[in-house]
Amino acid sequence: MTDPWTHLAVGILLPPFFGALVAALFPDRRRNGAWLAAVVSSGLTFAASLGGLAYAVIEGPVRYHLGGWQPPMGIELVMDPLAAFFCAVVTGMTFFVFIHGRSVVERETPHKAVPFYSAALLLLGGLLGIVLTGDLFNLYVFLEISSLAGYALVAIGDRRAPVSAFRYLILGTIGASFYLLGVAFLFMETGSLNMNDVAEVVPVMGESPATLAGLVLIVLGIGLKMALFPMHGWLSDAYTYATSTATAIIAPIGTKVAAYVLIRTCFHMFDPEFVRAEIPLADILGYLGAAGIVWGSIMAIAQNDLKRMLAFSSVSQVGYIALGVGLASPYGLIGAVLHTLNHAVMKACLFLVNTNLHQRLGHTRIDRLDRTTRIRMPWTMAAFTVAAISMIGLPPTAGFFSKWYLVLGSWEQANYVFLGVIVISSLLNVVYFFRVLEKVYLRSDGEAYDDASEREDAGVRREEVRASMLFPTLFLGASLLVLGLANAYIVIHVIRPMIPAGL
Amino acid sequence: MIELLHDYYAYWAIMLLLVIGLYGMLIKKNLMKKVIGMVIFQNSIILLFVAAAFKWDATVPVLDAAHPTENVANYLNPLPHTLMLTAIVVGVAIVGVAFALLIAIYRNFGTLEEPELMERMRGE
């Protein structure tokens, strides 16, 4: 008799797929039902993920054989601390964005609401499948499910959205196909598609050109999906032209799951020693990540639209994760995994703030923000401030601690390039976030603080967004502080069990 | 060299298809031609799996008295073929979404040529 809690592995996966079916059944005039289905199923899978995480941390990893077929014949789901952690991050963010999204979707694209929620749930299900599966080809199928849903979500937007969605589709397909090509090589060499099996066979086979080519192709394909520099071109347009809620769903979680596959491939399927020594793959990843950090930050400074700025900042933040993976050390991995959580929360919070601003002001142009914005929406701007401080990496917000582990990892290996990049990029982050904060919280030069301006300010009424939108924004903002203060607990109890033996 | 060409001719052809597909996707200016390139690219990978599963003097994996099961070499490995069935389905879905997007683009901008499209998008 197996422990009934092990069924959580499949319990995480089922709600989004069932939810997608149920949501699609609602007619347009009952679209609130679709929203409810989205919230309920993402809430269920969030609860299952948290339960799974607790189980995996306390009882150890779960290997769930679907249909009772033993691997390598059957497909297995692997719910170890790493997988369960990513599931919890992905489902949690989606849950809050769904709660927030109802009135936004209602305002921006009312008659596309039903397919929107259905596609969003398919995206969630696909991403969870990628995280949980223990089979290489199954991962490809889930990758394509999530990508197809992602293309559809991105295409629901303004007139330019289908063009950026098409570009995303072409590059996403190249990425997924490279991954499949890599799987073909590994399959030819090892004769197995089960990740565990491959991990056991590869050291016995020794290195061969086909295995190396397979690994490199997989990393290349996943790098494209992850928007790793210089393969990030699709990301900024796709995020900018999609609707606010679509971006808020995809941006925090889409690239993170690709990062997860990178960690799985580089450290679990292959020996970390192999990735580090035989070919300088880890170094290449780290340096590409470092280049992405700087490039994304510089491009973010150049943007005038808040949404576009956040999109470029995503490129830079993905770079931190790649850098952590590239360090190929315990500190690097802790930094990368912690940063995945922190960045998901920060980005979700910032995109929700962006949506709130768009809802009330009708635009998100940075040059048109001023101090009346703060008076009109004090709570939203407070959440923005916390998230911005966390992005810059000031203690005690969450962002500081993940960067701290990356700094420790770079220091340990005496890699001063990485160290310099992390410090410089924090300064660049200061530039592009304080630019906004300055406009909102400070008076412009030479403007006197007198009665006239006081009266002018008094004339501005507070018009904060409704509670259903404000609550998720504030919750995510507050959780950045909580995550920052609780980081030691998270690292010791949750992330440390993830570190593979060979690292 | 000749041997390499002769023994691996299937792989050479597949590699050529792969490069043609990649070229079509990345270099061609017409969005429809990009989709065509994408289909060629995906199919080349499908062919790679099928070609890798091939064995001389082996037959389909169906029980047959003439081919005793004791000798595994008598049968092809059916796994790559089944995998590729799934990959074909995935490919069809992607092409479907791509066409839907192309229709939406054409409705919005009246063109599928990339340079013109960029110009009209900049005008917005």
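Against which helices of chain A do the buried residues of H16(A) pack? In this predicted model, the partners are H13, H14, helix H15 (371-376), H17, H18 and helix H20 (467-485) of chain A. Helix H16(A) itself is mostly covered, with 11 of its 15 residues buried. Among them are Thr380(A), Met381(A), Ala383(A), Phe384(A) and Val386(A), and the run from Ala387(A) through Ala388(A), Ile389(A), Ser390(A) and Met391(A) to Ile392(A) is buried as well. The length of the helix can be checked against a simple rule: at 1.5 Å a residue, the 15 residues of H16(A) should span 21 Å, and the end C-alpha atoms are 21 Å apart, so the two values agree. Just after H16(A), Gly393(A) takes a positive phi of about 100 degrees.

Confidence should be kept in mind while reading the model. Chain A averages a pLDDT of 88, and 95% of its residues score at least 70. Within the chain, the highest confidence is found in helix H4 (residues 113-132) of chain A, at a mean of 94, and the lowest in helix H19 (residues 451-458) of chain A, at 64. Where pLDDT is low, the predicted coordinates should not be read in detail.

For Ala348(A), the contacts beyond four places in sequence are Met93(A), Phe96(A), Val97(A), Ala248(A), Pro252(A) and Leu476(A).

Several loops of chain A have backbone features worth a look. The peptide bond joining Phe229(A) and Pro230(A) is cis, with omega about 0 degrees, and Pro230(A) sits in the loop between helix H8 (209-226) and helix H9 (233-241). A cis bond also leads from Pro395(A) to Pro396(A), with omega near 5 degrees; Pro396(A) lies in the loop between helix H16 (378-392) and helix H17 (398-412).

Positive phi values in residues other than glycine occur at Ala328(A), near 50 degrees, and at Ala414(A), near 55 degrees. Ala328(A) belongs to the loop between helix H13 (306-327) and helix H14 (330-361), while Ala414(A) is in the loop between H17 and helix H18 (416-441) of chain A. Which of these surroundings are buried, and which exposed? Ala328(A) counts as buried because it has 24 C-beta neighbours inside 10 Å. Ala414(A), by contrast, is exposed, since 8 other C-beta atoms lie within 10 Å.

Chain B meets chain A through a contact that takes 26 residues from chain B and 22 residues from chain A. On the chain B side, the elements giving two or more residues are helix H3 (31-52), helix H4 (79-109) and helix H5 (114-122). Of these, H4(B) gives the most, with 13 residues. The residues on this side of chain B divide into 21 nonpolar, 3 polar and 2 charged.

Finally, the loop between H3 and H4 of chain B contains Ala53(B). This residue is partly exposed, as 18 other C-beta atoms lie within 10 Å. Beyond four places in sequence, Ala53(B) is in contact with Leu76(B), Asn77(B), Pro80(B) and His81(B). The C-alpha atoms of Ala53(B) and Asn71(B) are 17 Å apart, for a sequence separation of 18 residues.

Conventions
Residues are numbered from 1 along each chain as its sequence is written. Chains are lettered from A and ligands numbered from 1 in the order in which they are written. This is a predicted model: local features need pLDDT of at least 70, side-chain atom pairs count only at pLDDT 80 or more; totals for chains, interfaces and linings use all residues. Two residues are in contact if their C-beta atoms, placed from the backbone, lie within 7 Å. Helices (H or I, at least four residues) and strands (E, at least two) are DSSP runs, numbered from the N terminus. Ala, Val, Leu, Ile, Met, Phe, Trp, Tyr, Cys and Pro count as nonpolar, Asp, Glu, Lys and Arg as charged, and the others, Gly among them, as polar. pLDDT is the predictor's confidence in each residue, from 0 to 100. A residue is buried if 20 or more other C-beta atoms lie within 10 Å of its own, exposed if 12 or fewer, and partly exposed in between; C-beta atoms are placed from the backbone. The expected span of a helix is 1.5 Å times one less than its number of residues.
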